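Subject: Structure handover

Hello,

Here is the structure for your files.

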Amino acid sequence: MSKRLETVFAGAAFKNPVALASGTCGFGREFNEYFDIQKLGGLCSKGLTLHPCLGNDGIRVWETASGVMNSVGMENPGIQHFIDCDLERMNALDLVNIVNMGGHSEEDYLEGVELLNQHPLDLLELNISCPNTKAGCMSFGLKAEVARDIVKKVRAICKHKLVVKLSPNAEDVVALAKQTALFDTVAALVAALVIIPACFAYGLDVGSGPSLLFVTLPHILQDIPLGRLFAVILYTAMVFAGVSSLQNMFEAVGESLLHRFPKLNRKAMLALLCVICLGIGLNMEPIFKWGPWMDIVSIYIIPIGATLGALSWFWIMKRDELMEEINRGAKKPSGPVWYNVGRFFYVPCAIILCCVALFLKVAF
Ligand SMILES: Cc1cc2nc3c(=O)[nH]c(=O)nc-3n(C[C@H](O)[C@H](O)[C@H](O)COP(=O)(O)O)c2cc1C
């Protein structure tokens, strides 16, 4: 093989820069049946934890339109078993032997490193995407300070060359939800405090549909004190609320279309969805039959859906799984107070409001 492909990475000499990623090749046994894995530059072991781990229940690998989703859940035989049964064979291969190690607590990582310190290997890859069960199940790799802390402690005792596998997930679900709630609430407050009283004062019908918002209100707002300020607040909140709703709607429909018709072009499909929605939207205002349909959505579907969602989050989903999802990418991880408020306050409120909607026919 050409010497031009030789690569030194993190102090390890690879004969070429091709390595199989952790979890995609087990411990290198199975792939040998298909090709000589020693042609590779490196091989990264399945992620190992201090104790054996059975992994997740249910479907673990799912092919999608644009790749593969996996939810293996760190199934592995544990570090000691790997040392006893696989390490020597992997070390004997003519390639860089990378051992991937994760943990569910700081102690797990440190004890795991101590064990691996006693044996030769080429590179230790630290997997910091695992949930920290002692800190609300937030992954170590999602917050810079937490990641820095665990890497610093591991590096202090690690005798091997060390690389860190960073986590690509960094969205802050709770912060995004708070922003959406803020804009929605601002829009609702402006409507309640300014628009509805103004409608009564001007003798207008508060349920007159889109024309109220886009034709009548601009006129009213011009006449009332601070009207322009209210207009800016209201319409900014409406734009943000509208864009985030569209994003939600397109995301789910688009992803399922791409899954069903993998040959569809993503941009063309999105453009088509935009045209369809715009076409429907422009024609909605003159169609008087929409009113009752929209009432069914806002009186029945939204409250029932929101209540089922609340129940499944706080009473059906496992607490650890919920906290992991919620804290992914969060600057400030939510803890037991958030969980208990959700379980014992938010869920009952959702049920009460759902009953109000259903029995009093109030739209939400
Ligand atoms: C079935 C499967 C199992 C995986 N298991 C692990 C693992 O145990 N440890 C780890 O750090 N990454 C694991 N990964 C992540 C891969 O190592 C890799 O980072 C990921 O597939 C992203 O690379 P890609 O964008 O080239 O697919 C796994 C991926 C797959 C598909």
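The notes below go from the whole chain to the sheet, the ligand shell and some single residues.

This is a predicted model, in which local features need pLDDT of at least 70 and side-chain atom pairs count only at pLDDT 80 or more, while totals for chains, interfaces and linings use all residues. Residues are numbered from 1 along each chain as its sequence is written.

Overall form

The protein has eleven helices and eleven strands. Both are DSSP runs numbered from the N terminus, with helices being H or I of at least four residues and strands E of at least two. Along the principal axes, the C-alpha atoms fill a box of roughly 85 × 45 × 35 Å. The radius of gyration is 28 Å, whereas a compact globule of 364 residues would have one near 21 Å. That radius is taken over C-alpha atoms, and the globule rule is 2.2 Å times the number of residues to the power 0.38.

Of the 364 residues, 21% count as buried. Buried means that 20 or more other C-beta atoms lie within 10 Å of the residue's own; exposed means 12 or fewer, partly exposed is in between, and C-beta atoms are placed from the backbone. Among contacts between residues at least 6 apart in sequence, 69% join residues at least 24 apart. A contact requires C-beta atoms, placed from the backbone, within 7 Å of each other.

An open sheet of five strands runs in the order 3-4-7-8-11, with parallel pairing. Its edges are strand 3 (19-20) and strand 11 (162-165), each of which pairs on one side only. Two strands count as paired if DSSP finds at least two bridges between them. In general, strands of a sheet pair through backbone hydrogen bonds, either parallel or antiparallel.

Strand 7 (residues 96-101) is joined to strand 4 (residues 42-44) by three bridges, and the two run parallel. Across this pairing, Gly42 stands opposite Val96, and Cys44 stands opposite Ile98. Four bridges join strand 7 to strand 8 (residues 123-127), again in parallel. There, Val99 stands opposite Leu124.

How far is strand 7 enclosed by the rest of the structure? It is largely enclosed, because six of its six residues are buried. Side chains in a regular strand alternate between the two faces of the sheet. In strand 7 both faces are covered, with Val96, Ile98 and Asn100 buried on one side and Asn97, Val99 and Met101 buried on the other.

Strand 5 (residues 61-64) and strand 6 pair in the antiparallel sense over four bridges. A hairpin of two residues joins them. Trp62 has Met69 in strand 6 as its bridge partner.

The ligand

The ligand is surrounded by 14 residues, of which the closest are Ala21, Ser22, Gly23, Gly47 and Asn127. A residue is taken as near if its C-beta atom, placed from the backbone, lies within 6 Å of the molecule. By class, the shell holds five nonpolar, seven polar and two charged residues. Nonpolar covers Ala, Val, Leu, Ile, Met, Phe, Trp, Tyr, Cys and Pro; charged covers Asp, Glu, Lys and Arg; the others, Gly among them, are polar.

Helix 8

Helix 8 (residues 266-284) has 19 residues that should span 27 Å at 1.5 Å a residue, and its end C-alpha atoms are 27 Å apart, which agrees. The expected span is 1.5 Å times one less than the number of residues. Helix 8 is hardly covered, with a buried count of zero among its 19 residues.

Single residues

Most residues other than glycine have a negative phi. Ala10 has a positive phi, near 50 degrees, and sits in the loop between strand 1 (7-9) and strand 2 (12-14). Ala10 counts as partly exposed because it has 15 C-beta neighbours inside 10 Å. Met74 also has a positive phi, of about 60 degrees, and is found in the loop between strand 6 (67-70) and helix 1 (79-85). Met74 is buried, with 20 other C-beta atoms within 10 Å.

Lys331 lies in the loop between helix 10 (319-327) and helix 11 (336-360). With 11 C-beta neighbours inside 10 Å, Lys331 counts as exposed. Lys331 and Glu145 are 186 residues apart in sequence, and their C-alpha atoms are 9.9 Å apart in space.

Regards

Terms used. Two residues are in contact if their C-beta atoms, placed from the backbone, lie within 7 Å.
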